[in-house]
Amino acid sequence: MIRLGDHVVVRGEDEEAIVTAVHPDSQVEIEFLHASEEGRRRRRYAAEALEKISRTP
């Protein structure tokens, strides 16, 4: 289960993002951690398109 604040990657890509919103229709908004030349990038994906990154201290 993906939750608010989780670090994720879009399947097939390697850019890390953080979950900024979870919608009831299984849609998840993410913000990529590395800004592009245009600034911050936010996108909306189906939860199935994301893979949670396990982080160890």
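Me: How many aromatic pairs does a search of the whole structure find?
Reply: This is a predicted model, in which local features need pLDDT of at least 70, side-chain atom pairs count only at pLDDT 80 or more, and totals for chains, interfaces and linings use all residues. Residues are numbered from 1 along each chain as its sequence is written, and side-chain values use heavy atoms, with hydrogens and water left out. Rings of Phe, Tyr and Trp (its six-membered ring) pair if their centres lie within 6.5 Å, with planes under 30 degrees apart counted as stacked, over 60 as edge-to-face and the rest as tilted. For aromatic pairs, the search of the whole structure returns 0.

Me: Which residue lies over the face of F32?
Reply: A charge sits over a ring if NZ of Lys or CZ of Arg is within 6 Å of the ring centre and within 35 degrees of the ring normal. At F32 the distance from the ring centre is 4.2 Å, and the residue is R41.

Me: How many helices and strands does the protein have, and in what order do the elements run?
Reply: Both kinds of element are DSSP runs numbered from the N terminus: helices are H or I of at least four residues, strands E of at least two. The protein comes to 0 helices and 5 strands. From the N terminus on, the order is β-β-β-β-β.

Me: Which strands stand at the edges of the sheet?
Reply: Two strands pair if DSSP finds at least two bridges between them. The sheet is open, antiparallel and ordered 4-3-2-1-5. Each edge strand has a single partner, so one side of each is left without a neighbour in the sheet; these are strand 4 (42-46) and strand 5 (50-52).

Me: What does the twist average from one strand to the next?
Reply: Axes are lines fitted to C-alpha atoms, for helices over the stretch in contact, and angles run from 0 to 180 degrees between N-to-C directions. From strand to strand, the average twist is 45 degrees.

Me: What is the bridge partner of E31 in strand 4?
Reply: Strand 3 (residues 27-32) and strand 4 run antiparallel, joined by 5 bridges. Across this pairing, E31 meets R42.

Me: Which residue in strand 2 stands opposite V9?
Reply: Strand 1 and strand 2 form a hairpin with 5 residues between them, and G12 in the turn has a positive phi of about 85 degrees. The two strands run antiparallel over 3 bridges. Opposite V9 is E16.

Me: What is the bridge partner of V8 in strand 5?
Reply: Strand 1 also pairs with strand 5, antiparallel, over 3 bridges. V8 has contacts (heavy atoms within 4.5 Å) beyond four places in sequence, including I2, I30 and L50. Its bridge partner in strand 5 is K52.

Me: Is S26 buried, partly exposed or exposed?
Reply: Buried means under 20% relative accessible area, exposed over 50%, partly exposed in between (1.4 Å probe, protein chains only). S26 lies in the loop between strand 2 and strand 3, and its phi is positive, near 65 degrees, in a residue other than glycine. At a relative accessible area of 40%, S26 is partly exposed.

How values were computed: Contact = heavy atoms within 4.5 Å.
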